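Please look at the sequence and structure before reading on.

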Amino acid sequence: MPAIARSNGDSTPQKRRLRSDAAAQDSPISTSVKWKSPRRCSSTSPNSLSNGTERDFSINPERSPVKKLSGKFISKPKWNPGDTEQMRAVKEALHVSTAPSTVVCRENEQKRVLEFCKVCVEKEKSGSLYVCGCPGTGKSLSMEKVKQLLADWAKEAGHRQPDVLPINCTSLAKTSDIFVKILGDAQQRRKVNSSATSPLQHLQNLYSQNPRSSGIKMMLIIVDELDYLITKDRAVLHDLFMLTTFPFSRCILIGIANAIDLADRFLPRLQSLNCKPMVVTFRAYDKDQILKILHERLSALPYIVFQPQALELCARKVAAASGDMRRALCICRSAIEILEAELKESSSNFNSLTVEKACFEQQTATAPDILKKQDIDHVVRLDHMAIALSKTYRTPIVDTIQSLPQHQQILLCSAVKHFRGGKKDTTVGELNKSYMDICKSSLIPPVGSLELSTICRVLNDQGLLKLGQSREDKSKRVSLRVDEADVTFALQGIRFFRNCLQ
């Protein structure tokens, strides 16, 4: 076999030598230090230099996952609930009055309202729109975003920006005062000789006459809390929407209220006149949307405040109850206050021995251990969120579960764990196996099969379980009749059940 060509007496093949030369040129290490290939040096480890010293991985952070993780830990400030400034920043981020930089999960609704306003501005034509939805579904917040988007679009498209008149009906002394506010803004832009005796008649005359000047701007009127205008004869609500039907009206009216069927119930005459307002409905937030909004608000903070499971529990319960985002924010703030009170109580019992032990553990812990400890000790945990939720959604079911004897509570926990896999029902025999597993793992003597059947009947009578019919007790079908979240809320205060349900 012919010998491979060598150059300058070097034992390295030409291709390998060229790669080594290229690596040496790019390497930040001094060229005076020669590297040996691991294949050529059996007595040297792949991580060693030719002089026997260990290779320094710090020149390439990607080769050292522990150091890379430590760098992230150092660069990210530690969440400290005892820090007044950090606590203020977190509570402010979760306050209902704090407007987020972006309004997520309402893009479709905003787009429909914006397109309606664009058409009215382009054609210089009046129109009315009704925005409805349950409380806390982002209606008012979305209208603020639409105002900004409409102003930006008008400026870019070369249209005259409409004047904006926001009105909150809760601030009105009487319902007819809304016409005083509209007239005050309209009179600044248009003058007309009128013998009208009321603000409403004055407005009707304004919008019935051809204006003397042709450059009158459109006026966007956003009326929030429209429900307050519902009177016995519904005259104010009807006259308000009728302002957009006059021949020379320049009003773009957007009414916001909670009642979904308000237009059908209180404005039937508008439909007969073919002037029924366009309706945009804001549906209640679901679990994923609430979770996304919470993450969006917390993303601006440079530290982790909540356990992911705690936020998910909050989102799931609020979505099941009402879908009210404001309620979710208040619950999160309540959970933070619970953590704050817990840390204040524990700090009063903290002694010097505990401090020394904590310092020693921190010095000997690895970076992942430090991160894990940080998550456990300095974030809002699942039990904090469960307490906050139970205060908000305290129900008779929760009281019933908390008053049950221990083995009935254990069986209920067994049912919750058993049905997490997607099953809707099971047999008493299968449920007994789950119950026995929990008892054995916690060294609690289980009850017999006969007593277990009695417990199932008791829970069925209390409306917590649904028990079917069968000749044999172990063959009876059983299902959970309460929400898993209610069981979690009721028993999270006890460490044993908290561990069972996690």
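Does His238 count as buried or exposed? His238 counts as buried because its relative accessibility is 9%, where buried means under 20% relative accessible area, exposed over 50% and partly exposed in between (1.4 Å probe, protein chains only). This is a predicted model, in which local features need pLDDT of at least 70 and side-chain atom pairs count only at pLDDT 80 or more, while totals for chains, interfaces and linings use all residues. Residues are numbered from 1 along each chain as its sequence is written, and side-chain values use heavy atoms, with hydrogens and water left out.

**Chain totals**
- The chain has 22 helices and eight strands; helices (H or I, at least four residues) and strands (E, at least two) are DSSP runs, numbered from the N terminus.
- Of the 502 residues in the chain, 39% are buried.
- The accessible surface of the chain is about 28,400 Å², and carbon and sulfur atoms hold 51% of that surface; the areas come from the Shrake-Rupley method with a 1.4 Å probe, and for residues only the protein chains shown count as cover.
- Counting contacts (heavy atoms within 4.5 Å) between residues at least 6 apart in sequence, 73% join residues at least 24 apart.

- His238 lies in helix H8, which spans residues 235–242 and is mostly covered, with six of its eight residues buried.
- The buried residues in H8 are Val236, Leu237, His238, Leu240, Phe241 and Met242.
- Arg269 is 31 residues from His238 along the chain, and their C-alpha atoms are separated by 8.0 Å.

**Five-stranded sheet**
- Five strands form an open sheet in the order S2-S3-S4-S1-S5, with parallel pairing; two strands pair if DSSP finds at least two bridges between them.
- Strand S2 (163–168) and strand S5 (278–282) are the edge strands, each pairing on one side only.
- Neighbouring strands of this sheet are turned by 15 degrees against each other on average, direction ignored.
- Six bridges join strand S1 (residues 127–133) to strand S4 (residues 251–257) in the parallel sense, and Leu129 has Ile254 in S4 as its bridge partner.
- Helix H5 (residues 139–157) packs on the sheet and touches S1, S2, strand S3 (219–224), S4 and S5, its direction making about 170 degrees with that of S3; axes are lines fitted to C-alpha atoms, for helices over the stretch in contact, and angles run from 0 to 180 degrees between N-to-C directions.

**Three-stranded sheet**
- An open antiparallel sheet has the strand order S6-S8-S7.
- Its edge strands are strand S6 (426–427) and strand S7 (465–467), each pairing on one side only.
- S6 and strand S8 (residues 477–480) pair in the antiparallel sense over two bridges, with Thr426 bridged to Val478 in S8.
- H18 packs on this sheet, touching S6, S7 and S8, and its direction makes about 85 degrees with that of S8.

**Helix pairs**
- Helix H18 (residues 406–418) packs against helix H19 (residues 428–441) at an angle of about 115 degrees, with their axes 9 Å apart.
- H18 is therefore roughly perpendicular to H19, as angles of 65 to 115 degrees count as roughly perpendicular, under 35 as roughly parallel, over 145 as roughly antiparallel and the rest as oblique.
- Helix H12 (residues 308–321) and helix H13 (residues 325–348) pack at about 145 degrees, with their axes 10 Å apart.
- Leu311, Cys314 and Val318 in H12 meet Ala328, Ile331 and Cys332 in H13.
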